[in-house]
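Reader: Hi, I have a structure to go through and I'm new to this. Can we take it in short steps?

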Amino acid sequence: MFDCLSEFTERFGDVVVENLDWADIFEKYDSEDTVFYCDPPYVGYEDYYLVNTIDHEALVDGLAGLEGDWICSYENLPGTFEDVYVLDRDEKRFINSGKRGSAKDAKERLVMNFDPEGV
């Protein structure tokens, strides 16, 4: 068990977790050496979350302006993405713990500004 913890510690040694707005995070950490992972509320499901003030167009614009690499998780993509790579993942069970407390199948799409085959 402790071997797994040691491996986890090494892999995540440079990871930073902050409780800030995405725009503040981008401004604070963006560089050519940075990789961002974003998991916003899915389009059309914003009201499932206790905080539902996401502006998807502004987030997409913010991602497009980044110097670093990024990956963003969506189900249905906002129509404003341009020049991106999209990977569809197998369907998974999505359990909503927000306002409605329901569960459904969801198809996750990983959108990124780099070719994942080149990594």
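Reader: Which residues do ring pairs link into a cluster?
Author: Trp-22, Phe-26 and Phe-36. Rings of Phe, Tyr and Trp (its six-membered ring) pair if their centres lie within 6.5 Å; planes under 30 degrees apart count as stacked, over 60 as edge-to-face and the rest as tilted. Before going on: this is a predicted model, where local features need pLDDT of at least 70, side-chain atom pairs count only at pLDDT 80 or more, and totals for chains, interfaces and linings use all residues. Residues are numbered from 1 along each chain as its sequence is written, and side-chain values use heavy atoms, with hydrogens and water left out.

Reader: How many aromatic pairs are there in the whole structure?
Author: A search finds 4. In one of them, Phe-26 and Phe-36 have ring centres 5.1 Å apart and planes at 65°, so that pair is edge-to-face. Phe-26 sits in helix H2 and Phe-36 in strand E1 (residues 35-38), so the pair ties together parts 10 residues apart in sequence. Helices (H or I, at least four residues) and strands (E, at least two) are DSSP runs, numbered from the N terminus.

Reader: Are Phe-26 and Phe-36 buried or exposed?
Author: Both are buried. Buried means under 20% relative accessible area, exposed over 50%, partly exposed in between (1.4 Å probe, protein chains only). Tyr-74 and Phe-81 also pair: their centres are 6.0 Å apart and their planes at 75°, so this is edge-to-face. Tyr-74 and Phe-81 are buried too.

Reader: New topic. What is the mean pLDDT of the chain?
Author: It is 82, and 82% of the residues reach 70 or more. pLDDT is the predictor's confidence in each residue, from 0 to 100.

Reader: Which element has the lowest mean pLDDT?
Author: Strand E4 (residues 92-95), at 52. Helix H2 (residues 22-29) has the highest, 95. Where pLDDT is low, the predicted coordinates should not be read in detail.

Reader: OK, charges now. How many salt bridges does a search find?
Author: There are 2 in the whole structure. A salt bridge is a side-chain nitrogen of Lys or Arg within 4 Å of a carboxyl oxygen of Asp or Glu. Glu-18 pairs with Lys-28, their closest N and O atoms 2.9 Å apart. Glu-18 is in the loop between H1 and H2, while Lys-28 is in helix H2, so parts 10 residues apart in sequence are tied together.

Reader: And which side chain does Arg-109 meet?
Author: That of Asp-88, at 3.0 Å, N to O. This pair links distant parts of the chain: Arg-109 is in strand E6 (residues 109-112), Asp-88 in strand E3, 21 residues apart. Arg-109 is partly exposed at 21% relative accessible area. Asp-88 is partly exposed as well, at 46%.

Reader: What about helix H3? Which of its residues are buried?
Author: In H3 (residues 56-64), they are His-56, Leu-59, Val-60, Gly-62 and Leu-63. Seen down the helix axis, they fall within an arc of 160°, so they line one face of H3. The arc is that of the directions from the helix axis to the C-beta atoms.

Reader: Which residues of H3 are exposed on the other side?
Author: Glu-57, Asp-61 and Ala-64.

Reader: Last one. Where is Asp-83 found?
Author: In the loop between strand E2 (69-74) and strand E3 (85-88). Asp-83 has a positive phi of about 50°, although it is not a glycine. Asp-83 is exposed, with a relative accessible area of 77%.
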